[in-house]
Amino acid sequence: MSSITLEDLHKVYGEGGGEEVRAVDGIDLSVDRGEFVAIIGPSGSGKSTLLNLIGGLDVPTSGRVEVDGMDTGGLSDRELTRLRREKIGFVFQEFNLLPVLNALENVQLPLRYLKVNPKERRERAMEALEKVDLVNRAGNRPSQLSGGERQRVAIARALVTTPALVLADEPTGELDTANTCRIIEYMRVLNRELEQTFAIVTHDPMVARYAGRVITLRDGRVASDEPGEDAPLTCDDLKPV
Amino acid sequence: MIKYILRNMWRRKARTFLTVFGIVVGIFALTVLGGLSARLTQQVQGARSWFTSSISVVPSGSGLFGGGENQFFDLKKVEEVKNVPGVEKASAGLGVTLAEQGGGFSFGAPDLLIGLDLSEGSGLLEQLAIGEGRPLQPGDRGKVTLGSVLAEKRDARVGDTVKLRGEPFEVVGIYRPTLSAPDTFAFAAYEDVLPVFLEANPFLQKKAISSVVYVIWEPGADPEAVAARIKDEVEDVNVISPRRAEQQISQFSLIFNAILLGIALIALLVGGLSVINTMIMSVSERTREIGLKRAIGAETRTILSEYLLESATIGLLGGLVGMLLGLVVIWLLNSATASQNVSVFAITVTVVVGPVIFATVLGTVAGIFPALRAARLRPVESLKED
Ligand SMILES: Nc1ncnc2c1ncn2[C@@H]1O[C@H](COP(=O)(O)OP(=O)(O)OP(=O)(O)O)[C@@H](O)[C@H]1O
Ligand SMILES: [Mg+2]
């Protein structure tokens with residue numbers, strides 16, 4: 001079953017004006033449920049724009065986006081919000097943590113919007129923090145965390161709801177090799193056991209190597225779409241001493 | 001949720017403080033004036049039944065609240081009034097101020113000794129409820145009934161003898177508090193008060209006088225019609241009918257409440273605008289955060305209620321602090337005048353709760369526009385904002 005279907009998708013910024021930018025310029029794509037896709041490409045090739053369009057954060061200039069069989073163009077603002085809340089987990093390139101909330105509270109936020117009761121919320125958020133190795137920083141606010149720690153909080157926040165589709169924009173950009181491996185290992189376990197679909201924008205060859213499919217964008221178009229190495233993960237020798 | 005909102009407010013301490021302070025000032029003024037107005041209302045309510053249960057006939061040139069001090073009736077006028085059709089009883093009345101040395105400013109009604117023709121006027125006194133002892137009866141001589149405040153001031157109980165203007169009177173009854181003018185009055189027989197009055201006014205020529213005639217109308221008669229008839233048939237009198245008394249009384253509170261309303265409107269404007277301004281700034285500062293929340297599934301109404309709650313909290317805080325400050329000032333002023341046995345302010349439920357509710361509603365309403373702005377932000381544009 002298809003998780004993401006894109007048909008002739010276009011996104012043009014500054015349309016009609018002098019400086020038209022064709023950020024996404026005709027993309028057709030189908031991603032099945034349970035796939036683990038890496039999206040790579042040079043800076044400015046439209047990777048973030050593509051994720052925003054898939055996640056219903058941005059409206060395409062033309063074309064069609066389907067997530068989980070639903071045409072997002074036909075959804076009302078409320079239905080779109082609901083789709084994001086129930087089916088999608090976002091990891092943003094700039095983390096976007098709330099500064100007045102500590103790590104644990106930030107991770108709990110999407111569960112709050114899903115009306116999960118406080119006790120369960122706390123337990124699940126704690127579990128997610130454990131997976132990204134941040135239990136001991138649970139009470140710290142973002143300003144008291146390092147860049148890599150903030151990034152891991154953002155990852156925990158995206159995964160805590162076990163969404164059917166995870167859209168991650170350079171989720172390991174700030175992480176060292178050991179942490180990157182750990183995170184990818186965690187994501188692949190979820191991907192296999194829970195059949196969650198992952199679309200990960202990355203510049204990191206290691207991430208791409210472990211993906212099941214690698215899509216390369218160039219100038220808003222798909223330049224190549226190939227199976228990845230799908231290499232088995234061995235983080236053990238990478239564990240920090 | 002509340003914890004989160006307080007944390008958000010705390011991010012800009014100085015700005016939040018100034019906004020709250022703006023509301024505090026308005027609510028403080030509103031509370032103090034509210035206390036004043038509540039006291040006035042008590043007086044008006046207490047005075048109403050007293051002043052509207054009879055028709056007062058005074059010499060022309062006098063009004064309900066005194067006026068021409070040296071204007072008196074000859075007692076023959078009382079008879080004339082009594083002969084007007086519709087008049088059941090007409091009692092001569094004579095008032096003597098109890099302040100031995102005149103002058104000196106005092107709040108509220110003056111202490112008065114009022115003499116009444118008891119055979120005619122005891123019906124009038126039935127308007128005042130007796131708390132202790134008994135009311136005056138026709139034929140009582142050398143006896144007095146006291147208003148509650150006056151009794152307390154003189155430390156008098158039923159059975160005691162009090163000296164009023166040097167004359168001893170036996171206290172037979174003490175009235176329940178009315179929170180109004182009669183609380184500082186003493187009542188006695190006309191015959192007992194006349195000598196006191198004449199002594200206080202040694203230069204008077206006439207010896208059989210009355211400063212007011214209290215008229216009780218016949219059962220079933222229309223007091224307004226009776227009043228008009230007295231005016232027609234008796235010369236040189238000013239007749240204050242129950243309706244006119246009512247009008248004069250409510251005119252006081254009307255003016256005062258208009259002032260109160262004005263203050264409330266200023267508080268509304270100043271406080272409201274500063275809340276709107278603060279909330280707009282908060283929303284634009286937190287555009288990114290709002291975008292993030294929308295992106296991870298917050299409904300527009302979740303955002304809306306979050307910001308409304310924040311501005312309501314600003315209003316509530318300002319309201320509470322302003323009201324408490326107002327209460328402190330009322331309490332201080334009241335205890336400063338307590339030695340004179342008067343209170344200028346009253347603290348009622350409305351005085352305490354009203355301003356706080358007002359401030360909270362004000363904060364909420366002021367938050368509507370900024371909150372709508374926040375809720376309508378589109379996720380992706382907000383997320384790209386710095
Ligand atoms: N709001 C906007 N208005 C105008 N142009 C935009 C806007 N957002 C993105 N762009 C342009 O669209 C193009 C694609 O941007 P996008 O953010 O998708 O790139 P990216 O592949 O994610 O790059 P990076 O790897 O640097 O994050 C860029 O040329 C960018 O300048
Ligand atoms: Mg990007």
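**Figure 1. Salt-bridge network in chain A of the predicted model.** Glu7(A), Arg64(A), Glu66(A) and Asp71(A) are joined to one another through a network of salt bridges. The structure shown here and in the other views is a predicted model. Over all chains, a search of the whole structure gives 31 salt bridges. Side chains of opposite charge can pair when their charged atoms come close.

**Figure 2. The salt bridge of Arg22(A) and Asp25(A)****.** The side chains of Arg22(A) and Asp25(A) form a salt bridge, with an N to O distance of 3.4 Å. Arg22(A) is partly exposed, and its relative accessible area is 42%. Asp25(A), in contrast, is buried, with a relative accessible area of 12%.

Figure 3. Ser48(A) belongs to helix 1 (residues 47–54) of chain A, and Gln93(A) to the loop between strand 6 (88–91) and helix 3 of chain A, so the pair ties together parts that are 45 residues apart in sequence. Both residues are partly exposed: the relative accessible area is 27% for Ser48(A) and 36% for Gln93(A).

Figure 4. At 2% relative accessibility, Ser45(A) counts as buried, because the cut-off for buried is under 20%. Leaving aside residues up to four places away in sequence, Ser45(A) touches Ala23(A), Leu217(A), Arg218(A), Asp219(A) and Gly220(A).

**Figure 5. Interface of chain A and chain B.** On the chain A side, 26 residues are in contact with 24 residues of chain B. The area buried between the two chains is about 2300 Å², and carbon and sulfur atoms give 54% of this area. Leu57(A), Val100(A) and Tyr113(A) are the residues of chain A that lose the most area to chain B, together 26% of what that side buries. Ten residue pairs are found in polar contact across the interface, both members being at pLDDT 80 or more. Helix 2 (77–87) and helix 3 (103–113) of chain A are the elements that give two or more residues to the side of chain A that touches chain B. The residues of that side divide into twelve nonpolar, four polar and ten charged.

**Figure 6. Salt bridges between chain A and chain B.** Six salt bridges are found across the interface of chain A and chain B. One of the salt bridges joins the side chains of Glu105(A) and Arg7(B), at 2.8 Å from N to O. The side chains of Arg78(A) and Glu299(B) also meet in a salt bridge, at 3.5 Å from N to O. This pair crosses between chains, from Arg78(A) in helix 2 of chain A to Glu299(B) in the loop between helix 9 and helix 10 (300–337) of chain B. Glu299(B) is buried, with a relative accessible area of 9%.

**Figure 7. Buried residues of helix 2 of chain A and what covers them.** Helix 2 of chain A has Leu80(A), Thr81(A), Leu83(A), Arg84(A) and Arg85(A) as its buried residues. Their cover includes strand 4 (62–67), strand 5 (70–71), strand 6 and helix 3 of chain A. Chain B takes part in the cover too, with helix 9 (287–295) and helix 12 (379–384).

**Figure 8. The salt bridge of Arg157(B) and Glu132(B)****.** The closest N and O atoms of Arg157(B) and Glu132(B) are 3.5 Å apart in this salt bridge. The pair links distant parts of the chain, 25 residues apart: Arg157(B) is in the loop between helix 5 (148–153) and strand 9 (161–164) of chain B, and Glu132(B) is in strand 7 (residues 130–133) of chain B. Arg157(B) is partly exposed at 48% relative accessibility, and Glu132(B) is partly exposed at 32%.

**Figure 9. Polar contact of Asn238(B) and Arg244(B)****.** Asn238(B) is located in strand 14 (residues 237–240) of chain B. With a relative accessibility of 17%, Asn238(B) counts as buried. The side chains of Asn238(B) and Arg244(B) are joined by a polar contact of 3.5 Å.

How values were computed. Residues numbered from 1 in each chain as written. Chains lettered and ligands numbered in written order. Predicted model: local features only at pLDDT ≥ 70, side-chain atom pairs only at ≥ 80, totals over all residues. Heavy atoms only, no water. Contact = heavy atoms within 4.5 Å. Buried area = accessible area lost by both parts, 1.4 Å probe. Salt bridge = Lys/Arg side-chain N within 4 Å of Asp/Glu carboxyl O. Polar contact = N/O pair within 3.5 Å; in protein donor to acceptor, adjacent residues only side chain to side chain. Helix = DSSP H or I, 4+ residues; strand = E, 2+ residues; numbered from the N terminus. Nonpolar A, V, L, I, M, F, W, Y, C, P; charged D, E, K, R; others polar. Buried < 20%, exposed > 50% of the residue type's maximum accessible area, 1.4 Å probe, protein only.
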